[in-house]
Amino acid sequence: MKKNVLTGLRPTGNLHLGHYFGACGNYLKLQDDYNFFLEIADVQALTDNFNNPEKVRKNTKEITMDLLAIGVDPNKVNFFLQSQIPEIAELTVYYSNLVTVSRLQRNPTVKTEMAQKKELFGNNGESITYGFLGYPVSQAADITAFSGELIPVGEDQLPLLEQCREIVRKFNSIYGETLIEPEHLLSDTKRVKGLDGNEKMGKSLGNAIFLVDSEDTIKEKVMKAVTDPNKIKKDDKANPDVCMVYYYHKLLNNNVEKVCSECKKGERGCVACKMELVNAINKLLKPIQEKRKYYEEHPEEVDRILKEGTLKAQEEAKETVKKVKKAMMIDYDI
Ligand code: SF4
């Protein structure tokens with residue numbers, strides 16, 4: 001029997017190369033070996049975008065098309081919309097009694113995000129909502145609703161999974177063995193740096209190449225990428241290790257040795273080097289964009305994939321809630 005794997009993506013923007021070489025690329029390896037539930041986490045996206053529902057609505061389809069375009073196979077992966085599974089909200093309410101506010105505040109992932117928000121809004125965290133603080137509880141509901149046994153996570157998300165495990169243990173100790181305690185599946189994927197040298201490529205950081213970017217946009221972005229500041233003239237010798245263009249040549253495995261050696265010897269100019277990278281990125285993205293075009297022209301197929309996956313997810317979640325309510329003695333037959 002294949003194990004259940006659950007993962008989710010917040011539909012707040014298109015996928016970029018960071019996703020492609022990171023978590024989403026990993027889905028392609030996992031989809032053959034597991035019973036894979038892929039949640040388009042629109043409700044969770046609203047925790048940060050509650051005042052911008054249009055953005056979340058638009059991106060549910062955008063992100064689904066991106067995933068299909070990179071090769072996530074809807075015959076192997078169960079795509080579903082979080083908002084259409086009311087059982088997740090129901091479980092969130094039940095689990096909210098099993099975790100204290102101070103435990104949520106101490107969760108390292110939540111703490112980091114809260115600190116970022118305080119820095120961003122500068123109001124000592126007064127803008128932090130109940131929904132934001134409680135999202136680890138809602139994540140525990142996501143995972144357990146589909147009996148998630150293995151959860152692909154990066155190191156930074158381990159505390160969120162631990163929170164879920166604590167909730168499951170507490171539930172089982174009070175109400176009897178009902179829920180499966182999930183294990184992490186640490187992905188061997190890397191965090192991709194931004195074109196500006198930032199440790200993370202991010203939608204909101206303005207340093208990302210999106211899978212949907214046109215050739216002209218990619219060229220414009222790559223031309224602005226950070227290179228060795230000591231290289232002024234074409235024949236100056238430079239250090240590729242401080243250059244983001246070289247970093248991306250390595251990421252794409254594109255003539256790495258040649259780029260490195262010519263850069264060190266002062267035998268290549270940065271503009272030509274960037275153009276080579278632009279061509280390599282375009283070559284990578286062309287088949288993805290062609291596949292995506294098919295789905296753009298057949299939106300009914302994207303709807304069908306989401307609908308069928310959501311129906312299956314609803315069945316699974318209903319079964320879990322039935323078990324949970326029975327264990328909590330609120331399974332009235334009225
Ligand atoms: Fe970077 Fe290429 Fe310029 Fe070297 S030649 S600094 S690798 S862009």
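Two strands pair if DSSP finds at least two bridges between them, and strands (E, at least two residues) and helices (H or I, at least four) are DSSP runs numbered from the N terminus. This is a predicted model, in which local features need pLDDT of at least 70 and side-chain atom pairs count only at pLDDT 80 or more, while totals for chains, interfaces and linings use all residues. Residues are numbered from 1 along each chain as its sequence is written, and side-chain values use heavy atoms, with hydrogens and water left out.

Select strand S1 (residues 4-9) together with S2, and you will find them paired in the parallel sense over 6 bridges, with Leu6 opposite Phe37 in S2.

Why is strand S2 (residues 35-40) largely enclosed by the rest of the structure? The reason is that 5 of its 6 residues are buried, where buried means under 20% relative accessible area, exposed over 50%, and partly exposed in between (1.4 Å probe, protein chains only).

Finally, select Cys260 and Cys263. A disulfide is a pair of cysteine sulfur atoms within 2.5 Å, and by this rule the count comes to 0. Cys260 is in no disulfide, since the nearest cysteine sulfur, that of Cys263, lies 7.1 Å away. Cys260 is buried, with a relative accessible area of 15%, and Cys263 is buried with 12%.
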